[in-house]
Amino acid sequence: MSAVEQDGNMTNETSPWTAPEYYSYSKQMNFTINGQNNTVIVNIHVILSFQCTVDGYPTPVVLLNTLRTNQPKLFSEMVVTSGHPVNYTADRFVVGYYTCKSDILTGNLFRVINVLCRCQLRTHGYENNVADIDVQSIDVDFYDNLVTFRVFGYPGPRAMNLSSNEVIFDEGVYLSHETASKNSSYDIKIMFLNQSLLKRYNVFNVTVNNGYYTSIFTLQCTVCSKHNDGRATVFSSNVHYIFLVLILTYMCI
């Protein structure tokens, strides 16, 4: 461009050229926990490193979130810097699904990782205890000589036994478990094949080991003998009734 100086002479001036800014949407997202992008299994007290990296310009807004029930969320739409790790020491409450997502202006990318923590199996009433529990008490009622209760934790039961008054029952009972939800809760079932055990004992201990921790569940059954006596009374009454009908039928003939 040209300009006129004070002496009247014309001079040429060149203004600096500024390159235009180019904006790019995010097309790739890399979300890892301890370097893994699938299910992560850890022990208690291990450091978890959450890292979410998203490309694009300007730098996208990145959010960490926890998808979990029954426990406070570790992250709740927490804004983090792309590529910078967020560390957390694992405890039994870290179990759950974690998501990383970018804002809608960058394509709304989304990733999910499941975290499992090896810990002691617990019933619902003891889930919030931080320290391991020696004995967990459960009030139960036996229906058709069967009792079922649910436990939470990971991994599931590997070995179980039933005892009462320091007597382990190797016969007359059948213990089993079923997965109630994927890798997080299990239904433990106890079938009494020998019904006399329910008349002799009202308190039973179920010892469960999941390969890492041992849990003892005390089952308090205050109506076991009543239920069995009731069944016996009903059965006896039915037999007497049938016998009376047979006699009357014979007399009529």
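Which residues is Ser215 in contact with, leaving aside its neighbours within four places in sequence? Select Ser215 and look around: Gln120, Leu121, Gln136, Val206, Thr207 and Val208 are in contact with Ser215. Contact means heavy atoms within 4.5 Å.

**Before moving on**

This is a predicted model, where local features need pLDDT of at least 70 and side-chain atom pairs count only at pLDDT 80 or more, while totals for chains, interfaces and linings use all residues. Residues are numbered from 1 along each chain as its sequence is written, and side-chain values use heavy atoms, with hydrogens and water left out.

**Stop 1: Ser215**

Ser215 sits in strand 18, residues 214-220. Helices (H or I, at least four residues) and strands (E, at least two) are DSSP runs, numbered from the N terminus. Ser215 has a relative accessible area of 1%, so it is buried. Buried means under 20% relative accessible area, exposed over 50%, and partly exposed in between (1.4 Å probe, protein chains only). Now show the side chain of Ser215. One of its polar atoms lies 3.0 Å from the backbone oxygen of Leu121.

**Stop 2: the cores**

Next, select Phe149, Leu162, Ile190, Phe192, Phe204, Val206 and Leu219. These residues have the most contacts inside the largest nonpolar core, which has 26 residues. A nonpolar core is a set of buried Ala, Val, Leu, Ile, Met, Phe, Trp, Tyr and Cys residues joined through side-chain atoms within 4.5 Å. Elements giving two or more residues to this core include strand 12 (146-152), helix 1 (196-200) and strand 18. Strand 16 gives the largest share, four residues. Zoom in on Leu162. Beyond its neighbours within four places in sequence, its contacts include Val167, Phe169, Ile190 and Phe204. Then find Val42, Val80, Ala90 and Val94, which are among the 22 residues of a second, separate core. In soluble globular proteins, nonpolar side chains tend to be buried together.

**Stop 3: Ser163**

Select Ser163 in strand 13, residues 159-164. Is Ser163 buried or exposed? Ser163 counts as buried, at 10% relative accessibility. Not counting residues up to four places away in sequence, Ser163 touches Ile168, Phe169, Val203, Phe204 and Asn205.

**Stop 4**

Most residues other than glycine have a negative phi, and most peptide bonds are trans. Select Tyr154 and Pro155: a cis peptide bond joins them, with omega about -10°. Pro155 lies in the loop between strand 12 and strand 13. Go to Asn34, in the loop between strand 3 (29-33) and strand 4 (40-43). Its phi is positive, near 55°. Asn34 is partly exposed, with a relative accessible area of 30%. Glu77 also has a positive phi, about 50°. Find Glu77 in the loop between strand 6 and strand 7 (78-80).

**Stop 5: Asn129**

Select Asn129, in the loop between strand 10 (110-118) and strand 11 (136-139). Asn129 is partly exposed, at 33% relative accessibility. Leaving aside neighbours within four places in sequence, Asn129 is in contact with Arg92, Phe93 and Arg122.

**Last view: the whole chain**

Zoom out. How many helices and strands does the secondary structure of the chain come to? There are two helices and 18 strands. Buried residues make up 35% of the 253 residues in the chain.

Key
A polar contact is a pair of N or O atoms within 3.5 Å; within protein, one must be able to donate a hydrogen and the other to accept it, and residues adjacent in sequence count only if both atoms are side-chain atoms.
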